[in-house]
Amino acid sequence: MKILVTGCAGFIGSHVAEALLLRGDTVIGIDNINDYYDPAKKEKNLEILKKHKKFVFYKEDIRNYDNLKRIFIRENPDKVVHLAARAGVRASIQNPLLYQEVNIRGTLNLLELAKNSKAKSFVFASSSSVYGNQEKTPFSEDDDVSTPISPYAATKRAGELLCYTYHHIYNTSITCLRFFTVYGPRGRPDMAPYKFTKLIIEGKPVPRYGDGTTKRDYTYITDIVKGVIAAIDKELSFEIINLGNNKPVMLNDFIRVIEEATHRKAIIKEMPMQPGDVNITYADIRKAQRLLGYQPETSIEEGMKKFVEWYEKDV
Ligand SMILES: NC(=O)c1ccc[n+]([C@@H]2O[C@H](COP(=O)([O-])OP(=O)(O)OC[C@H]3O[C@@H](n4cnc5c(N)ncnc54)[C@H](O)[C@@H]3O)[C@@H](O)[C@H]2O)c1
């Protein structure tokens with residue numbers, strides 16, 4: 001199979017691309033290596049992929065329809081895995097127009113090009129943030145998602161809606177995966193697992209937003225990759241599916257897990273809750289289990305231990 005992976009230099013994209021290459025697929029990678037976080041980290045991820053003969057890379061911006069079209073014509077991929085996006089809730093409040101351009105316009109470009117090509121199978125990276133601040137837990141795919149509380153969340157919901165439209169009109173097979181706080185080696189430096197680990201190791205204060213009782217359903221990268229690969233292979237008609245761990249962890253407990261993994265004590269700096277932050281994320285994963293055979297296997301203790309090992313060796 002020839003699979004086009006957008007965002008291939010990023011955290012999740014580099015792991016998905018690597019897993020596809022390791023099983024023998026050809027990967028056409030697209031990424032603009034932007035500076036949302038240190039581009040050197042993305043270049044380093046690319047180096048891993050470039051060791052594989054069946055990896056082809058285009059440094060390109062998904063907002064550029066004409067250039068993407070040239071890539072589609074030249075490469076003629078069988079499937080598309082669309083992971084490129086501006087991620088990050090807080091940054092989306094600072095720069096909503098950029099989020100709209102990349103996450104909505106960029107997604108529309110890819111849907112449009114996929115439907116004009118032989119790639120009739122599309123996987124889209126959505127997010128648990130579409131659930132907003134709903135109180136009912138766990139979050140199920142049938143829940144109302146009409147009240148996103150950040151521009152980022154709204155762009156991801158918009159992406160899902162566009163996916164449905166393209167499925168409806170052109171019969172493209174599309175699976176939207178709602179990822180729940182993914183962490184692990186090569187993790188994003190703007191996310192809590194990386195940020196907190198770095199601060200604790202450096203003996204610097206850790207900003208704890210709120211009273212530490214907020215909860216996140218942290219999901220280990222290897223589990224997520226298995227879910228993404230299953231979605232690529234199954235070619236479901238149109239589905240929206242949660243990929244989480246189904247075990248939310250309280251912020252105070254999460255900090256304790258990092259303390260144990262790093263053998264250091266955190267210095268807590270208390271901060272107010274931030275706009276756009278939700279109180280809890282908690283995935284109902286029964287649909288993923290049923291349709292994708294998805295079964296997360298990594299506990300937070302085990303996952304953070306592996307993350308810290310990677311961090312101490314590689315960062
Ligand atoms: N990491 C998580 O916990 C999480 C949770 C929910 C959803 N997601 C979604 O999963 C996807 C991957 O996230 P990630 O954590 O790997 O983030 P990431 O930032 O590490 O990866 C995204 C990649 O997309 C690239 N990109 C961004 N804008 C681009 C553009 N205009 N053109 C081409 N490439 C562009 C970036 O350079 C980056 O390498 C994103 O769509 C994100 O919204 C991630």
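I started with the ligand in this predicted model: the shell around the ligand splits into 15 nonpolar, eight polar and six charged residues.

Next I asked which residues come nearest to the ligand. H1 has the largest share, with three residues.

I moved on to E2. I found five of its six residues buried, which leaves E2 mostly covered. On one side I checked strand E1 (residues 2-6), and E1 pairs with E2 in the parallel sense over five bridges. I noted leucine 4 with isoleucine 28 in E2 as its bridge partner. I followed the chain from E1 through H1 to E2, and this β-α-β crossover is right-handed.

I then looked at E2 with strand E3 (residues 55-59), and this pairing is parallel too, over five bridges. Here glycine 29 stands opposite phenylalanine 57 in E3. The chain goes from E2 through H2 to E3, again in a right-handed β-α-β crossover.

Last entry, tyrosine 37. I found tyrosine 37 in the loop between strand E2 (26-31) and helix H2 (39-50). Leaving aside neighbours within four places in sequence, I have tyrosine 37 in contact with Arg188, Pro189 and Asp190. I also checked proline 185: tyrosine 37 is 148 residues away from it in sequence, and the two are 15 Å apart in space, C-alpha to C-alpha.

Key. Residues numbered from 1 in each chain as written. Predicted model: local features only at pLDDT ≥ 70, side-chain atom pairs only at ≥ 80, totals over all residues. Helix = DSSP H or I, 4+ residues; strand = E, 2+ residues; numbered from the N terminus. Contact = placed C-beta atoms within 7 Å. Near = placed C-beta within 6 Å. Nonpolar A, V, L, I, M, F, W, Y, C, P; charged D, E, K, R; others polar. Buried ≥ 20, exposed ≤ 12 C-beta atoms within 10 Å, placed from the backbone. Pairing = 2+ DSSP bridges. Right-handed = clockwise from strand over helix to strand, strands pointing away.
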